[in-house]
Amino acid sequence: AQPQGRRSPEPVRTPQGPPGVKPRAGEVGRIAATGGLPPVVSSIPTERKVVFLTIDDGWEQDPGFVRQVREQRIPITVFAMRDAVEARGVPDQAGGRARYVGAGKWGYFRQLRDAGAPVENHTLTHPDLRTLGYAAQRREICGFSRLIGKELGSRPTLFRPPFGSYDTDTLKAAKSCGMDTVVLWTASVQPGGKIAYQVPDKKLRPGDILLLHFRPNLDRDFRVLVKKIKRRGFAFGDLRAYLAAADRR
């Protein structure tokens, strides 16, 4: 029996459902059609103060970053690249000296998946796709989709071309590999959590898609970025949900 005057501890409550703000009915505007090919999206057409965090490659596998995503329920969309996930080649050290390159490999991305972060396609080897023909582009995209399906249990539906570089063959190859949207960005996040804007007024705008990378000091920089965005009155959106709600006529 419970001693008198002592309360039982509160049960641990696990957050339910995927994280992130969902679109309201009729909130999301039109995404231009592309003649049957996947649309190319760099921002979400909404007037709501919501932004979308995306993170590329996968070199620096910092456990502190996974804890932030899981414990704070911060929605991110991962655009992984095989060579980075598996630590093949030279890592991105733009943020400083790397500590966790390939530390968890696919196990790290299973943790992100389990924290509610969808893992999408950023190619096998990170080439400039415009320098490749259709067949080679298709190998890069389809090959990685198959690998993601094998390692994580479901295939991606979103694609980000390396360097933001693509052509019509890219869109055709992406469609043949099961991609329904090509996702670019409106601002990038530099070391220190600094936002590099691509608009003259240097401000966040509703619907912005922000690009981060798995770089050294990611845990610290991500914490700075999240606080900065919240101070400006923006919420974090569920990118897949917003894309699904968009008018694509």
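Visitor: Which residues touch the most other members of the largest nonpolar core?

Guide: Leu 53, Phe 65, Ile 76, Val 78, Leu 112, Leu 210 and Phe 222 do, in a core of 38 residues. Helix H6 (residues 218-231) contributes the most, with five residues; helices (H or I, at least four residues) and strands (E, at least two) are DSSP runs, numbered from the N terminus. The term nonpolar core denotes a set of buried Ala, Val, Leu, Ile, Met, Phe, Trp, Tyr and Cys residues joined through side-chain atoms within 4.5 Å. The model is predicted: local features need pLDDT of at least 70, side-chain atom pairs count only at pLDDT 80 or more, and totals for chains, interfaces and linings use all residues. Residues are numbered from 1 along each chain as its sequence is written, and side-chain values use heavy atoms, with hydrogens and water left out.

Visitor: Why does Phe 65 count as buried?

Guide: Buried means under 20% relative accessible area, exposed over 50%, and partly exposed in between (1.4 Å probe, protein chains only). Phe 65 has 0% relative accessibility and therefore counts as buried. Phe 222, at 1%, is buried too.

Visitor: What makes Arg 82 buried?

Guide: Its relative accessibility is 16%, so Arg 82 counts as buried. Arg 82 is found in helix H2 (residues 82-85). Leaving aside neighbours within four places in sequence, its contacts (heavy atoms within 4.5 Å) include Thr 123, Phe 144 and Leu 147.

Visitor: Why is the pair of Phe 52 and Tyr 242 called edge-to-face?

Guide: Rings of Phe, Tyr and Trp (its six-membered ring) pair if their centres lie within 6.5 Å; planes under 30 degrees apart count as stacked, over 60 as edge-to-face and the rest as tilted. The centres of Phe 52 and Tyr 242 are 5.0 Å apart and the planes stand at 70°, so the pair is edge-to-face. Phe 52 lies in strand S2 (residues 50-57) and Tyr 242 in helix H7 (residues 239-245), so the pair ties together parts 190 residues apart in sequence. Phe 65 and Phe 222 also form an edge-to-face pair, at 4.9 Å centre to centre and 85° between the planes.

Visitor: What makes Cys 142 and Cys 177 a disulfide?

Guide: A disulfide is a pair of cysteine sulfur atoms within 2.5 Å. The sulfur atoms of Cys 142 and Cys 177 are 1.9 Å apart, and the two residues form a disulfide. The link joins distant parts of the chain: Cys 142 is in helix H4 (residues 134-152), and Cys 177 in the loop between helix H5 (168-176) and strand S6 (181-183), 35 residues apart.
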